[in-house]
Amino acid sequence: MNGLVKVPKMVVKISSVDLKGNDPTPNESQSLALADCDDTAQLMRTATEIRDRGFRNVVTYSRKVFIPLTHLCRDVCHYCTFARTPKKISAPYMSIDQVLKVVGEAQLMGCKEALFTLGEKPELRYRAAREALAELGCKTTLEYVAMVAGRVFKETGVLPHINAGCMTADELALLRPVSASMGIMLESSSQRLCQKGMPHYGSPDKDPELRLQTMRLAGEANIPFTSGILIGIGETRVERVESLLCLREVHRQHGNIQEIIIQNFRAKPDTKMAQAPEPDLDDLLWTIAVARIIFGPYMSIQAPPNLSPGVLPLLVTAGINDWGGVSPVTPDYVNPEAPWPHVEKLARETAAAGKLLQQRLTIYPTYAQKVARWLDPGLRTSVLQMIDSEGFPRTDEWVPAQSEEVPQALVTACTESFHEQAIDPALTAIVARATSGEKLSESEIVRLFQARGPEFSYVCQRADALREQATGNTVAYVVTRNINYTNVCYFKCQFCAFSKGKLSENLRGKPYDLEAAEITRRAAEAWQRGATEVCLQGGIHPSYTGQKYLDVLAAIKLGAPDIHIHAFSPLEVWQGAATLKVSVETFLSQLKAAGLSSLPGTAAEVLDDEVRALLCPDKINTAQWLDVIETAHRLGLRTTATIMFGHIDRPEHWARHLLRVREIQARTGGFTEFVPLPFVPVEAPMYLKGRSRKGPTFRESILMHAVARLVFHQQIDNIQTSWVKLGEIGTSACLQSGANDLGGTLMNETITRAAGATHGQEKKPRTLERIIQRAGRISRQRTTLYKDAPATRTIDSYNAINLVEIVNSKVVKQSRSDKRRRLTEFGTDNQTAGVETQSGIK
């Protein structure tokens, strides 16, 4: 650097920038100075440190099928063998049937991306292209691309990625509805390479300004874009850095560049550059490292694995976090001499560098998390239902409450051994803090939720060790009966398939409102069958006031005077207090005097108003839920805490939820247990409308229990798992990952079944005990407050006769308006301007 600055010291300084609020990337002059740094090893060490801040232990790839829609091109790049003349091809364009056949085969092999590669505007050069397009009913190649890509998506669900070269705003708009992402390689920003005798001479579309303008237009249209540079075609290192800075500037303006590809030139026979020297390994590693330093920790840096066989771990060490597309079906038509590595081999070589190979979609995870901005409406639902909370693709068919078929590899991972060196030291430090009972930060909890591969095993097993420390090897359950007194509700929770309002009468089940005599009968029957508890929840019927809840308690006491009444979520409490025009504290005192023993901590969903503004906008907000709970604890009423997750939420929302629960527990000690409730999508309105994910993945469901154990260590001892939502195998996996409680026998489970659950509505004590014993644990029948159930109750529960068929009292046709409704809607505090979640709901 002109002899004034030692570049390695500047690089080290860049690597240690505080990322909280500061730009972690070098400025233009610092970036250009990197061109004078020959210390590739130092650059790689810096790049690795920077990369790990953003991508942890994960290196991604896309499982794709390569579609060379046409080899015709009006450009004549001197290194290219992809472009051909009409005389050297059998047909100017692949037919739609040919494309669909190839994509269909790829879909069966798990491919989720269809990469469309084609020459640029061949119709401007070749009559054969124009005539072929006319026969296809198109005027331009891009019109045909749009037609074919639309058919591919519609008929296979595979997501198109289109590399169509330089485009106008109108052309980009034509392709946006049929592509999840697009791309154009800048290759180089050097105009010198377009001069006579240089590789881009005679190729009008390789004008770097045209290519950069295409990226800018794509940014204005909110199109996720890929780009990169081609090294070794005659450019200098300064020109490489200048090219990277041009791409960085586009991204800073529009935020639409998903990845930067560092592609090394490969000399090919029968081209003008057949004898040109290829960049050596050190040059490739240098360029990757410099790109990582220039772009910082959060840009994906990619290197094609088929162009550097035998040295892939070194590429990881240089700072990449992505391998690009890998096809199990088709060759790399741009570099046909370089076959794709098998995914299994790629995973091994990635692991050799200490990283986990993770599949992604063509739209990168951070973009997939924000489909409302980055995707055409016609693509949003498909992508949303393909992904997990981080934006990675779901790779199995498991859905909560639907099947006992679970990802066996994850079940095994809960207990299998792993290499300690495969665990990120930052993760072990977080777990160590949790183990000592320290309060974790939001970002630390998010990091726990990001555990994959060996780190998943590590988190689950450390959580289970804390479970054993806190509660021993006993797994408890309670004999209880659910009484859902009405399914009529005027709230519009987007996830609920149980309630019957004017807009949901077509969903599962008929509206009902139980008569007092039926409530009394069910309570008495529950007592006869050995129950120590009844759990009461229901919809918010427009005619209900707080007096209704007091009457329900009286009906329960009439049928079972000694039974524990676990009833009324914070929503019912808030609504009841509002209709009686008393404070929450006064109403809770009235409920307690009438026989209420404890409260279920439901209606929490996710305790973050960014989510609630979309999930349940007219429901009580986070602060109101917390207020009811803390007031109940102050009055001596214990409660549970729940989270209903896996819809439009993300790990940061889960982290905030856990922290808010922990903070209350630290003040009051009033929570008896924490209950993760995976979102069951099948009949949920928001899922049916295409506005949510397909519930949490199996991995996320297990992690929620494990992470909760770590976060709540020394605060909440009991972590419950829901057999209704997870099934027996899933429940057993949770018992190996920090959970110590199976909840209740239920007798009548209706809320989850209304959402599409298939795991039944009752598990008798002996059945639950078999599940516990198969997990290698000791069963214990408990009370609501975690005392041992009385022996007489236990005996009665083992000898319970079959339930009498329930009677749900029909309701009269609901009115579209009810004056009381205006008193009890709480959504105004939930309306959050500009909220953007994965769902794209506004």
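Student: Of the contacts in the protein with a separation of 6 or more, how many come from residues 24 or more positions apart?
Tutor: Residues 24 or more positions apart account for 78% of them, a contact being heavy atoms within 4.5 Å. This is a predicted model, in which local features need pLDDT of at least 70 and side-chain atom pairs count only at pLDDT 80 or more, while totals for chains, interfaces and linings use all residues. Residues are numbered from 1 along each chain as its sequence is written, and side-chain values use heavy atoms, with hydrogens and water left out.

Student: And what share of the residues is buried?
Tutor: Of the 842 residues in the protein, 62% are buried (under 20% relative accessible area, with exposed over 50% and partly exposed in between, for a 1.4 Å probe and protein chains only).

Student: OK, helix H12 now: which residues are buried there?
Tutor: H12 spans residues 343–352 and buries Val 343, Leu 346, Glu 349 and Thr 350; helices (H or I, at least four residues) and strands (E, at least two) are DSSP runs numbered from the N terminus. Viewed down the helix axis, these buried residues fall within an arc of 120 degrees, so they line one face of H12, the arc being that of directions from the axis to the C-beta atoms.

Student: What covers those buried residues?
Tutor: The cover includes strand E1 (58–70), helix H11 (312–318), strand E8 (322–326) and strand E9 (356–360).

Student: Which exposed residues sit on the face turned away?
Tutor: Glu 344, Arg 348 and Ala 352 are carried there, on the face of H12 turned away from its buried side.
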